[in-house]
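I opened the model today and kept notes as I went. Each entry records what I looked up and what came back.

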Amino acid sequence: IYEAWNRGLLPPTLAVGDVDVVHATTVMVPPKGKARGLVATVHDLFPLHTPEQFTHRGVRVMTGAIERARRYADIVCCPSQDTLDDCVGAGFDADRLRLVPWGATEHPVSAGDRRRVRTRYRLDRPFILWVGTIEPRKNLPTLLDAFRKIQPTEFDLVLAGPVGWHEQLEGHIDGIGSKVRQLGFVPTDDLYALYAEAQLLCVPSSREGFGLPALEAMAQGTPVIASSGTAVAEVVGDAGINVDFDETASWADAIESLIA
């Protein structure tokens, strides 16, 4: 379907009737059809900046979609100033860009929810949490190396999220594998409980379009360490700790300061 959209084709099952606005909630932009307006939410432009971190097909499809958003969208919504600035640099008309940060609803988590996720995932000890798809820009090797450096005996490091592409963690887990718990994909209700139960959340990404896990963790009252100079730092502001994404020693110091 995305390939068809990029070629300006619209499958019959997705024909747009007489509607006011078509909103493409990702950068994959469908044809406008008979709609009076087309709005696109552009989360990031990373395939343009670091194509080596994506699959060849992903770069091709996303690059075409970004160009469609640039050419055809009447309004382009960006979740962070960082993404908006990138859009300006990529040739988007500034008067069509809107800064629309994401929000997160606070989901109450009961003591029973906390017990359930600990039992389901066999989490017997206090833990530090990371959430996302495992891919290069998430910068997990730095977090793993920082965790190895301090090796807090009473803490585990929990990685919640599916395996994506181009990222091998095995060499960074050597020697601490028993303390690193890879949960894979986690259902939404379980994720809220993990946020609430975690001692802290780490977001070491080199780039992000926004940083929703940081906001969701903060909504549960969980402290956050984020990469400075990224959109995540916009989300966290002065309510968390911001650390250079590639400074392993600084990440280790920040983790130690919070768990102490």
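**Entry 1**

I started at L194. Setting aside neighbours within four places in sequence, I find L194 in contact with V117, L123, F127, L129, A160, L183 and V186. I note here that the model is predicted.

Next I looked up the nonpolar cores. The largest has 26 residues. L194 is among the members that touch the most others, along with L129, Y195, L201 and V224. Which elements each supply at least two residues of this core? I list β5 (127-131), β6 (156-160), α8, β8 (200-203), α9 (212-219), β9 (224-227) and α10 (231-236). The largest share comes from α8, with five residues.

There is also a second, separate core of 24 residues. Its members include I128, L144, L157 and L200. As background, nonpolar side chains tend to be buried together in soluble globular proteins.

**Entry 2: helix α8**

I then checked how far α8 is covered. Eight of its 10 residues are buried, and the helix is mostly covered. The buried ones are D190, L191, Y192, A193, L194, Y195, A196 and E197. I note that D190 and E197 are on that list. The buried residues of α8 pack against α5, β5, β6, β7, β8 and α9.

**Entry 3: α5 against α8**

How do the axes of α5 and α8 cross? Helix α5 spans residues 111-120 and helix α8 spans residues 188-197. Their axes come within 9 Å and cross at roughly 100°. The two helices are therefore roughly perpendicular to each other.

I wrote down who makes the contact. From α5 it is D113, R114, R116, V117, R118 and R120. From α8 it is D189, D190, A193, L194, A196 and E197. By class, I get eight charged residues, four nonpolar and no polar. V117 and L194, both in this contact, also turned up as a touching pair in my first entry.

**Entry 4: helix α6**

I moved on to α6, residues 140-150. It is mostly covered, with eight of 11 residues buried. Those are L140, P141, T142, L143, L144, A146, F147 and I150. L144 is also a member of the second core. The buried residues of α6 pack against β5, β6, α7 (170-173), β7 (180-184), β8 and α11 (248-259).

**Entry 5: positive phi values**

Most residues other than glycine have a negative phi. I looked for exceptions around the helices.

Q151 follows α6 and has a positive phi, near 40°. N139 has a positive phi too, near 60°. N139 sits in the loop between β5 and α6. R122 is a further case, with phi near 55°. R122 lies in the loop between α5 and β5.

Is N139 buried or exposed? N139 counts as buried, because its relative accessibility is 11%. R122 is exposed, with a relative accessible area of 59%.

While in the loop between β5 and α6, I also checked I134. At 5% relative accessibility, I134 counts as buried. I134 and L169 are 35 residues apart in sequence, and their C-alpha atoms are 9.2 Å apart in space.

**Entry 6: cysteines**

How many disulfides does a search of the whole structure find? It finds zero. For C77, the nearest cysteine sulfur belongs to C78 and is 7.5 Å away, and C77 is in no disulfide. For C87, the nearest cysteine sulfur is again that of C78, at 3.9 Å. The cut-off is 2.5 Å between sulfur atoms, and C87 is in no disulfide.

I checked burial for both. C77 is buried at 15% relative accessible area. C87 is buried at 0%.

**Entry 7: L99 and C78**

C78 came up again when I looked at L99. L99 lies in strand β4, residues 97-99. At 40% relative accessibility, L99 counts as partly exposed. Not counting residues up to four places away in sequence, L99 touches C78, P79, S80, Q81 and L84. L99 and C78 are 21 residues apart in sequence, yet 5.0 Å apart from C-alpha to C-alpha.

Conventions: Residues numbered from 1 in each chain as written. Predicted model: local features only at pLDDT ≥ 70, side-chain atom pairs only at ≥ 80, totals over all residues. Heavy atoms only, no water. Buried < 20%, exposed > 50% of the residue type's maximum accessible area, 1.4 Å probe, protein only. Helix = DSSP H or I, 4+ residues; strand = E, 2+ residues; numbered from the N terminus. Contact = heavy atoms within 4.5 Å. Axes fitted to C-alpha atoms, helices over the stretch in contact; angles between N-to-C directions. Parallel < 35°, antiparallel > 145°, perpendicular 65-115°, else oblique. Nonpolar A, V, L, I, M, F, W, Y, C, P; charged D, E, K, R; others polar. Core = buried A, V, L, I, M, F, W, Y, C linked by side-chain atoms within 4.5 Å.
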